[in-house]
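Here is a walk through one model, taken element by element. Keep the sequence and the 3D view side by side as you read.

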Amino acid sequence: MATRVGIVILGDEVLKGEIREANLAYMLPLLSEWGAETSLCAILPDDTGVVVRHLRRYLEEVDLLILTGGIGPTPDDITRDAVAEVAGVPLVIHPEAKAALEALPAKGGNPQYRMLMAHVPQGATLIPNPLSPAPGFFIHRMAVFPGIPKMLQAMFGWVKPLASGARRSRVTLYSMAPESSYAGIMREAMDAFPDVGVGSYPITEGEYRVRVVFRGESYGRTAACAARFEERLADVGFHVLRRVEERGDDG
């Protein structure tokens, strides 16, 4: 079971702004809902050497890497090659994927290149794709999905058993206080509650100026940290105008 998850988006088209990246906005809320902690997100180019170097480093930092993109049949689809190299295994034709691709009507496609999508790292588990015979795959703590949002969304539930963990508690405070007025108070709260993460996020529209978010495994500790911050904020002349609590699995 993964508690720390990394996400890697692959594709020159994303880095060059030729398409708008849409998968992160779908994956991040689900991973949070499932109790996983997303530790890193990266966008990498279609360069096998670069991808291999970064994947190896990321695997040292997370329990599970989720990769999207680069598993089609064209020469710029290098994800399967990079993942196989990191896993230390060759690419092989998976018989199940091969049979599914062979069953497709030709429709002008070239079978030789279509069959490239049946190549997966040796020992990989296929991730079913209900919208296409071309599967994703999982090996060496790396789950690989297509970059097409519609396909990713249809397949992404597969990763839930790997990514599920204890949902963290969260308390969000809304105020009209400027960040400079409570920067020191925020530091005091973080020092007093090192097990609680605290983030400050200015708001440019609406009825509030800022939201301060407290996140922790223990609801009691998270709420206590938020309460300390709120009390000290009042001491400098500002007040919390709205408080939202989301209890984790411990509360």
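Helices α9 (residues 179-192) and α10 (residues 219-235) pack with their axes 10 Å apart, at an angle of about 150°. An angle over 145° counts as roughly antiparallel, so α9 is roughly antiparallel to α10. The crossing of the pair is right-handed. From α9, the contact takes in Tyr182, Ile185, Met186, Glu188, Ala189 and Ala192. They meet Arg221, Cys225, Arg228, Phe229, Arg232 and Leu233 in α10. By class, the residues of this contact are eight nonpolar and four charged, with no polar ones. The model is a predicted one.

Stay with α10 for a moment. Arginine 221 forms a salt bridge with aspartate 195. The closest N and O atoms of the two are 2.8 Å apart. This pair links distant parts of the chain. Arginine 221 sits in helix α10, and aspartate 195 lies in the loop between α9 and β10 (197-202), 26 residues apart. Side chains of opposite charge can pair when their charged atoms come close. Across the whole structure, a search finds nine salt bridges.

Four strands form an open sheet with antiparallel pairing, in the order β10-β11-β9-β12. β10 and β12 (240-246) stand at the edges with a single partner strand each, so one side of each has no neighbour in the sheet. Neighbouring strands here are turned against each other by 15° on average, direction ignored. β10 and strand β11 (residues 210-216) run antiparallel and are joined by six bridges. Tyrosine 201 has arginine 211 in β11 as its bridge partner. α9 packs on this sheet, where it touches β10 and β11. The direction of α9 makes about 170° with that of β10. α10 packs on the sheet too, touching β9 (169-175), β10, β11 and β12. The direction of α10 makes about 15° with that of β9.

A further sheet comes next. It is open, has six strands in the order β2-β1-β3-β8-β7-β6, and shows mixed pairing. Its edge strands are β2 (37-44) and β6 (125-127), each of which pairs on one side only. The twist from one strand to the next averages 20°. Strands of a sheet pair through backbone hydrogen bonds, either parallel or antiparallel. β6 and strand β7 (residues 136-139) take the antiparallel sense, over three bridges. Leucine 126 stands opposite phenylalanine 137 in β7.

Which strands does helix α3 (residues 48-59) touch as it packs on the sheet? The contacts are with β1, β2, β3 and β8 (142-145). The direction of α3 makes about 170° with that of β2. Helix α2 (residues 24-33) lies across β1 (4-10), β2 and β3 (64-68). α2 runs at about 170° to β1.

α3 also has a helix partner. The axes of α3 and helix α4 (residues 79-87) come within 9 Å and cross at roughly 50°. That makes α3 oblique to α4. The crossing is right-handed. Thr48, Val51, Val52, Leu55, Arg56 and Leu59 in α3 meet Ala82, Val83, Glu85 and Val86 in α4. The residues of this contact divide into seven nonpolar, one polar and two charged.

Technical notes: Residues are numbered from 1 along each chain as its sequence is written. This is a predicted model: local features need pLDDT of at least 70, side-chain atom pairs count only at pLDDT 80 or more; totals for chains, interfaces and linings use all residues. Side-chain values use heavy atoms; hydrogens and water are left out. Axes are lines fitted to C-alpha atoms, for helices over the stretch in contact, and angles run from 0 to 180 degrees between N-to-C directions. Helices (H or I, at least four residues) and strands (E, at least two) are DSSP runs, numbered from the N terminus. Angles under 35 degrees count as roughly parallel, over 145 as roughly antiparallel, 65 to 115 as roughly perpendicular and the rest as oblique. A crossing is left-handed if the near helix is turned anticlockwise from the far one by less than a right angle, and right-handed if clockwise. Contact means heavy atoms within 4.5 Å. Ala, Val, Leu, Ile, Met, Phe, Trp, Tyr, Cys and Pro count as nonpolar, Asp, Glu, Lys and Arg as charged, and the others, Gly among them, as polar. Two strands pair if DSSP finds at least two bridges between them. A salt bridge is a side-chain nitrogen of Lys or Arg within 4 Å of a carboxyl oxygen of Asp or Glu.
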